Amino acid sequence: MMQALQSDDFRDQRDGTTCGALTLRHSFSPLLFALKIMNESRKMREGMASFIAGLAGKKVLVELRGDKYANGTLESCDCYLNLRMSNVTMDQGGKNGVLREFFIFREGSG
(Lines give C-alpha, C1' and ligand atoms only; values in the text may rest on other atoms or scores of the structure.)
Protein backbone atom coordinates (compact mmCIF):
# COMPACT_ATOMS: atom_id res chain seq x y z
CA MET A 1 0.00 0.00 0.00
CA MET A 2 1.41 3.38 -1.04
CA GLN A 3 0.46 6.70 0.45
CA ALA A 4 1.85 10.13 -0.39
CA LEU A 5 2.74 12.72 2.22
CA GLN A 6 3.90 16.29 1.76
CA SER A 7 7.47 17.21 2.69
CA ASP A 8 9.22 20.57 2.38
CA ASP A 9 12.74 19.32 1.73
CA PHE A 10 14.79 16.52 0.21
CA ARG A 11 15.71 14.75 3.47
CA ASP A 12 15.52 10.97 3.51
CA GLN A 13 13.11 9.70 6.09
CA ARG A 14 13.45 6.40 7.93
CA ASP A 15 10.10 5.04 6.76
CA GLY A 16 9.94 6.46 3.25
CA THR A 17 11.80 7.86 0.30
CA THR A 18 11.75 11.60 -0.30
CA CYS A 19 11.83 12.89 -3.85
CA GLY A 20 11.27 16.63 -4.23
CA ALA A 21 8.27 17.65 -2.20
CA LEU A 22 6.72 14.18 -2.14
CA THR A 23 7.45 11.35 0.28
CA LEU A 24 6.52 7.81 -0.68
CA ARG A 25 5.95 5.44 2.19
CA HIS A 26 6.09 1.77 1.42
CA SER A 27 5.34 -1.36 3.38
CA PHE A 28 7.86 -3.66 1.67
CA SER A 29 11.48 -4.45 2.44
CA PRO A 30 14.51 -2.93 0.66
CA LEU A 31 15.23 -6.34 -0.89
CA LEU A 32 11.75 -6.54 -2.38
CA PHE A 33 12.13 -2.94 -3.60
CA ALA A 34 15.44 -3.87 -5.32
CA LEU A 35 13.81 -6.91 -6.96
CA LYS A 36 10.98 -4.75 -8.27
CA ILE A 37 13.49 -2.29 -9.79
CA MET A 38 15.41 -5.15 -11.44
CA ASN A 39 12.16 -6.53 -12.85
CA GLU A 40 11.21 -3.13 -14.29
CA SER A 41 14.70 -2.79 -15.81
CA ARG A 42 14.34 -6.22 -17.46
CA LYS A 43 10.91 -5.31 -18.85
CA MET A 44 12.24 -2.05 -20.28
CA ARG A 45 15.24 -3.81 -21.89
CA GLU A 46 13.00 -6.50 -23.39
CA GLY A 47 10.60 -3.87 -24.71
CA MET A 48 13.46 -2.00 -26.37
CA ALA A 49 14.81 -5.26 -27.82
CA SER A 50 11.37 -6.06 -29.27
CA PHE A 51 11.19 -2.62 -30.86
CA ILE A 52 14.66 -2.91 -32.38
CA ALA A 53 14.02 -6.50 -33.54
CA GLY A 54 11.02 -5.11 -35.44
CA LEU A 55 13.48 -3.09 -37.53
CA ALA A 56 15.09 -6.28 -38.92
CA GLY A 57 15.64 -6.01 -42.65
CA LYS A 58 15.73 -2.20 -42.55
CA LYS A 59 18.70 0.13 -43.01
CA VAL A 60 19.89 1.51 -39.64
CA LEU A 61 22.64 3.80 -38.41
CA VAL A 62 24.27 2.80 -35.11
CA GLU A 63 26.49 5.22 -33.21
CA LEU A 64 29.37 3.45 -31.51
CA ARG A 65 31.96 4.61 -29.00
CA GLY A 66 34.89 6.71 -30.13
CA ASP A 67 33.07 8.73 -32.81
CA LYS A 68 32.40 5.63 -34.95
CA TYR A 69 29.25 4.81 -36.91
CA ALA A 70 27.93 1.61 -38.49
CA ASN A 71 25.44 2.05 -41.33
CA GLY A 72 23.85 -1.11 -42.72
CA THR A 73 20.97 -3.57 -42.71
CA LEU A 74 19.85 -4.88 -39.32
CA GLU A 75 19.63 -8.67 -39.42
CA SER A 76 18.72 -9.42 -35.79
CA CYS A 77 18.67 -8.19 -32.20
CA ASP A 78 18.66 -10.38 -29.08
CA CYS A 79 17.22 -9.68 -25.63
CA TYR A 80 20.57 -8.16 -24.52
CA LEU A 81 20.45 -5.63 -27.38
CA ASN A 82 23.33 -7.28 -29.26
CA LEU A 83 22.96 -6.46 -32.96
CA ARG A 84 23.88 -8.40 -36.10
CA MET A 85 24.12 -6.34 -39.27
CA SER A 86 25.00 -6.99 -42.91
CA ASN A 87 26.40 -4.84 -45.73
CA VAL A 88 27.84 -2.39 -43.24
CA THR A 89 29.65 0.82 -44.04
CA MET A 90 31.86 1.87 -41.13
CA ASP A 91 32.71 5.53 -40.60
CA GLN A 92 35.62 5.90 -38.19
CA GLY A 93 36.27 9.62 -38.03
CA GLY A 94 36.69 10.18 -41.76
CA LYS A 95 37.99 6.68 -42.57
CA ASN A 96 35.40 4.49 -44.27
CA GLY A 97 35.30 0.73 -44.67
CA VAL A 98 32.80 -1.85 -45.92
CA LEU A 99 32.02 -5.07 -44.06
CA ARG A 100 29.84 -7.94 -45.25
CA GLU A 101 28.76 -8.77 -41.67
CA PHE A 102 29.10 -6.91 -38.39
CA PHE A 103 28.17 -7.92 -34.84
CA ILE A 104 27.72 -5.35 -32.07
CA PHE A 105 28.16 -6.92 -28.65
CA ARG A 106 26.75 -4.91 -25.75
CA GLU A 107 29.27 -4.93 -22.90
CA GLY A 108 28.05 -6.76 -19.81
CA SER A 109 25.40 -8.76 -21.64
CA GLY A 110 26.72 -12.18 -21.03
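This is a predicted model: local features need pLDDT of at least 70, side-chain atom pairs count only at pLDDT 80 or more; totals for chains, interfaces and linings use all residues.
A disulfide is a covalent bond between the sulfur atoms of two cysteines. Under the cut-off used here, which asks for a pair of cysteine sulfur atoms within 2.5 Å, the count comes to zero disulfides. For Cys77 the reason is distance, because the closest cysteine sulfur, in Cys79, is 8.6 Å from the sulfur of Cys77 and thus too far for a bond. Seen from Cys79, the nearest cysteine sulfur is that of Cys77, and Cys79 is in no disulfide.

Turning to the open spaces of the model, the largest pocket holds about 190 Å³ of space. Its lining is made up of Val62, Glu63, Leu64, Arg65, Leu81, Leu83, Ile104, Phe105, Arg106 and Glu107, and these residues divide into six nonpolar and four charged, with no polar residue among them. Strand S4 (residues 59-64) supplies the largest share of this lining, namely three residues.

The last stop is Ser86, which has its place in strand S6 (residues 83-92). Ser86 is classed as buried because its relative accessible area is 12%, a value that falls under the 20% limit for that class. When residues up to four places away in sequence are not counted, Ser86 touches Gly72, Thr73, Glu75, Arg100 and Glu101. With one of these, Glu75, the side chain of Ser86 also forms a polar contact of 2.6 Å, made to the Glu75 side chain.

How values were computed:
Residues are numbered from 1 along each chain as its sequence is written. Side-chain values use heavy atoms; hydrogens and water are left out. On a 1 Å grid over the protein atoms alone, a cavity is a set of points where a 1.4 Å probe fits but cannot get out, and a pocket is an open set with protein on both sides within 12 Å along at least five of seven lines; lining residues have an atom within 4 Å of a point. Grid points are joined across faces, edges and corners, and a volume is the space filled by probe spheres set on the points. Helices (H or I, at least four residues) and strands (E, at least two) are DSSP runs, numbered from the N terminus. Ala, Val, Leu, Ile, Met, Phe, Trp, Tyr, Cys and Pro count as nonpolar, Asp, Glu, Lys and Arg as charged, and the others, Gly among them, as polar. Buried means under 20% relative accessible area, exposed over 50%, partly exposed in between (1.4 Å probe, protein chains only). A polar contact is a pair of N or O atoms within 3.5 Å; within protein, one must be able to donate a hydrogen and the other to accept it, and residues adjacent in sequence count only if both atoms are side-chain atoms. Contact means heavy atoms within 4.5 Å.
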